[in-house]
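Subject: Handover of a structure and summary of findings

Dear colleague,

Please find the structure below, together with its sequence.

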Amino acid sequence: MQEFVHFLNETFISHTAAQAIIVLAFVCGIGLLLSKIPMGNFSLGVTWVFFTGILAAHFGLSIDPMMNSFCQSFGLVFFLYALGVQVGPSFFPSLKSGGIKENLLSMVVILLGLALCVIFKYTIGMPMTDLIGVLSGAVTNTPMLAAAQSSVVGIIGHNAEIESNMALATAVAYPFGVVGMIVGMMILSVMIKGKSTPKNNDDKAHAVTSFTEFEVANPAVFGKTIADVAKRIDHHFVVSRIWQQGKVHIPNSKTELHQGDRILVASHDDCLPALEVVIGKRVDKDWNNENIDWDAIDNELISKRLVITNRELNGRTLGDLKLRSIYGVNVTRIDRSGIELFASPQLHLQLGDRMSIVGDVASVNACEQLIGNEVKMLDAPNMLSLFIGVFLGCLLGSVPFLLPGISMPIKLGLGGGPIIVGILVGAFGARLKMTTYITNSASQLIQKLGLMLFLAALGLSSGAKFFETLLHGDGLLWLGVGAVITVLPVVITGWMAMRFFKMRYSSTCGMLCGSMANPMALEYLVGKVDDDSHNVSYATVYPLSMFVRIITAQIMIIVFLA
């Protein structure tokens with residue numbers, strides 16, 4: 001019996017490398033099991049790992065402090081860098097087109113939350129470090145907490161009490177951060193009940209490629225080439241097919257248009273009115289149905305999706321390939337990491353891009369030889385670019401720089417540097433001939449593993465005092481402040497979006513969930529809205545919102561603690 005007790009002590013209590021791995025694996029495993037338990041529309045997801053760590057620490061489990069600090073930093077860096085690479089391709093496009101309005105509104109949500117932190121600091125005297133911890137939980141954004149903690153360390157060095165209180169404040173506020181977001185959406189639905197919201201507005205004007213058929217009916221373009229028509233329209237579009245005298249052709253820039261010709265155009269929705277004015281009437285046929293069999297449309301042409309695996313194409317523009325003039329095919333759309341990009345000639349291609357190509361069988365097969373389309377080549381993640389990116393991210397986070405009005409130099413830290421480099425690598429890496437492609441499964445593995453290590457170590461380091469703080473300390477105060485920070489910005493911004501910007505309820509809720517980094521609350525909308533605009537809006541604002549929250553949390557700590 002004594003030997004068994006000694007074994008348990010060596011395995012779970014004594015601070016060794018093996019014990020740290022065992023405890024972390026135990027916490028992560030139990031947390032993931034708890035996340036599988038159905039709870040209706042409410043779910044904490046991977047954050048269960050955080051609360052499992054807190055509970056484990058409450059019952060006496062711990063790991064070596066240096067090991068704990070390393071696991072938090074290691075997990076945070078890999079999570080943020082992989083997240084940055086994932087959202088990088090959509091980060092800068094999300095600042096354009098229909099995303100401008102929604103990103104501006106998401107900034108209102110963030111600024112209202114920060115303003116409430118300042119108000120609570122000067123009205124109830126709560127330290128800004130605690131308030132940022134509460135804010136991190138209220139908006140369900142644990143990377144924001146990590147970034148703020150790294151700024152605290154950069155300013156005053158490690159302070160176990162301050163860092164622990166920030167984590168505890170996040171843990172207390174987090175559950176209502178999920179529930180409060182849903183409460184806010186419920187309040188908004190009550191506010192718009194009985195009022196009509198516009199069914200057709202520019203909240204769908206995101207950069208998504210759609211297909212539309214037109215009949216050439218404008219005498220001004222009879223006998224004109226597609227290149228001539230393109231000069232009259234200030235938008236990018238691709239004519240993928242043209243039917244002339246009952247026969248289908250792959251057009252090029254020199255193809256002439258004649259009365260009665262029908263053309264199939266790939267473009268953004270905001271281009272359609274101009275196309276209709278210049279070309280003629282729009283044919284009432286839905287070409288965007290997911291069930292369309294493109295190969296069955298005609299016998300002469302096929303549509304095929306090819307994956308770029310030829311490394312020589314990495315970083316080259318689509319126009320450089322001259323696929324239309326050399327191979328006689330048209331590229332209608334490009335998918336990159338789940339983000340649909342318009343096939344403009346200026347688009348820089350990356351390994352892993354999926355190109356939808358239309359042409360005859362021989363031309364498409366010849367084009368396939370150039371593109372590669374050897375999917376197995378992409379199964380192995382490119383580890384070199386991963387570690388170069390992590391290295392550069394940590395290096396950037398360590399560089400001190402000055403902000404106006406602040407006497408001491410500041411650093412982006414491990415919370416800011418990796419995500420900035422990740423975004424830049426994801427957006428522009430191919431132009432520098434970097435192979436940045438990571439399979440979706442590998443990217444998700446890196447992100448979730450990094451986040452779980454961070455959350456498990458964070459829970460273990462702060463959980464010993466959690467219940468004491470909740471019941472006898474500032475826990476109830478943190479809970480109340482967090483509830484206000486969660487609900488008030490959501491309701492105010494949501495009302496503004498629908499009242500003044502004429503956004504639909506579904507798009508508004510998607511924008512709010514994205515600005516709060518809250519995919520759990522997004523699930524609440526399933527079955528309650530009749531379209532997919534909430535998912536589009538969520539994806540549109542998420543990258544910028546995540547970046548801004550991480551950076552503003554650090555700035556708040558620097559301003560009020562320096």
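A residue is called buried when its relative accessible area is under 20%, exposed when it is over 50%, and partly exposed in between. Helix H3, which covers residues 48-58, is mostly covered in this sense, since eight of its eleven residues are buried. These are Val-49, Phe-50, Phe-51, Thr-52, Gly-53, Ile-54, Ala-56 and Ala-57. Just after H3 comes Gly-60, whose phi angle is positive, at about 105 degrees. Please bear in mind throughout that this is a predicted model.

The chain as a whole

The chain has 562 residues, of which 53% are buried. Its elements are 21 helices and nine strands. Among contacts between residues at least 6 apart in sequence, 80% join residues that are at least 24 apart.

The nonpolar cores

In soluble globular proteins, nonpolar side chains tend to be buried together. In this model, the largest nonpolar core has 93 residues. The residues with the most contacts inside this core are Ile-132, Leu-135, Met-185, Ile-419, Ile-485 and Tyr-505. Helix H8 gives the most to the core, with 14 residues. Another core, of 19 residues, lies apart from the largest one, and it includes Leu-318, Leu-347, Leu-349 and Ile-357.

Which residues does Ile-485 touch, not counting those up to four places away in sequence? They are Gly-113, Leu-116, Cys-117, Phe-120, Val-134, Leu-135 and Ala-138.

Val-491 is placed in helix H18, residues 475-499. Its relative accessibility is 16%, and therefore it counts as buried. Leaving aside neighbours within four places in sequence, Val-491 is in contact with Gly-184, Ile-187, Leu-188 and Met-191. Met-191 is 300 residues away from Val-491 along the chain, yet their C-alpha atoms are separated by 9.5 Å.

Ser-363 lies in helix H13, residues 361-371. Its relative accessible area is 14%, so Ser-363 is buried as well. Beyond its neighbours within four places in sequence, Ser-363 is in contact with Tyr-327, Gly-328 and Val-329.

The salt bridges

Side chains of opposite charge can pair when their charged atoms come close. The structure holds four salt bridges, and three of them are described here.

Arg-262 forms a salt bridge with Glu-213, and the closest N and O atoms of the pair are 2.4 Å apart. Arg-262 is in strand E4 (residues 262-267) and Glu-213 is in strand E1 (residues 210-216), so the pair ties together parts that are 49 residues apart in sequence. Are these two partners buried or partly exposed? Arg-262 is partly exposed, with a relative accessible area of 31%, whereas Glu-213 counts as buried, at 2% relative accessibility.

Lys-281 forms a salt bridge with Glu-215, with 3.8 Å between the closest N and O atoms. This pair also links distant parts of the chain: Lys-281 is in strand E5 (residues 280-282) and Glu-215 is in strand E1, 66 residues apart. Lys-281 is partly exposed, with a relative accessible area of 48%, and Glu-215 counts as partly exposed at 25%.

In a further salt bridge, the side chains of Glu-276 and Arg-282 meet at 3.1 Å, N to O. Glu-276 counts as partly exposed at 32% relative accessibility, and Arg-282 is partly exposed with a relative accessible area of 37%.

The second largest pocket

The volume of the second largest pocket is about 980 Å³. It is lined by 42 residues, and those closest to its centre are Ser-69, Gln-72, Val-153, His-158 and Glu-163. Which elements give two or more residues to this lining? They are helices H4 (65-91), H7 (142-156), H8 (160-192), H14 (383-398), H15 (413-428), H16 (440-462) and H21 (533-561). By class, the lining has 19 nonpolar, 19 polar and four charged residues.

Yours sincerely,
A colleague

How values were computed:
Residues are numbered from 1 along each chain as its sequence is written. This is a predicted model: local features need pLDDT of at least 70, side-chain atom pairs count only at pLDDT 80 or more; totals for chains, interfaces and linings use all residues. Side-chain values use heavy atoms; hydrogens and water are left out. On a 1 Å grid over the protein atoms alone, a cavity is a set of points where a 1.4 Å probe fits but cannot get out, and a pocket is an open set with protein on both sides within 12 Å along at least five of seven lines; lining residues have an atom within 4 Å of a point. Grid points are joined across faces, edges and corners, and a volume is the space filled by probe spheres set on the points. Helices (H or I, at least four residues) and strands (E, at least two) are DSSP runs, numbered from the N terminus. Ala, Val, Leu, Ile, Met, Phe, Trp, Tyr, Cys and Pro count as nonpolar, Asp, Glu, Lys and Arg as charged, and the others, Gly among them, as polar. Buried means under 20% relative accessible area, exposed over 50%, partly exposed in between (1.4 Å probe, protein chains only). Contact means heavy atoms within 4.5 Å. A nonpolar core is a set of buried Ala, Val, Leu, Ile, Met, Phe, Trp, Tyr and Cys residues joined through side-chain atoms within 4.5 Å.
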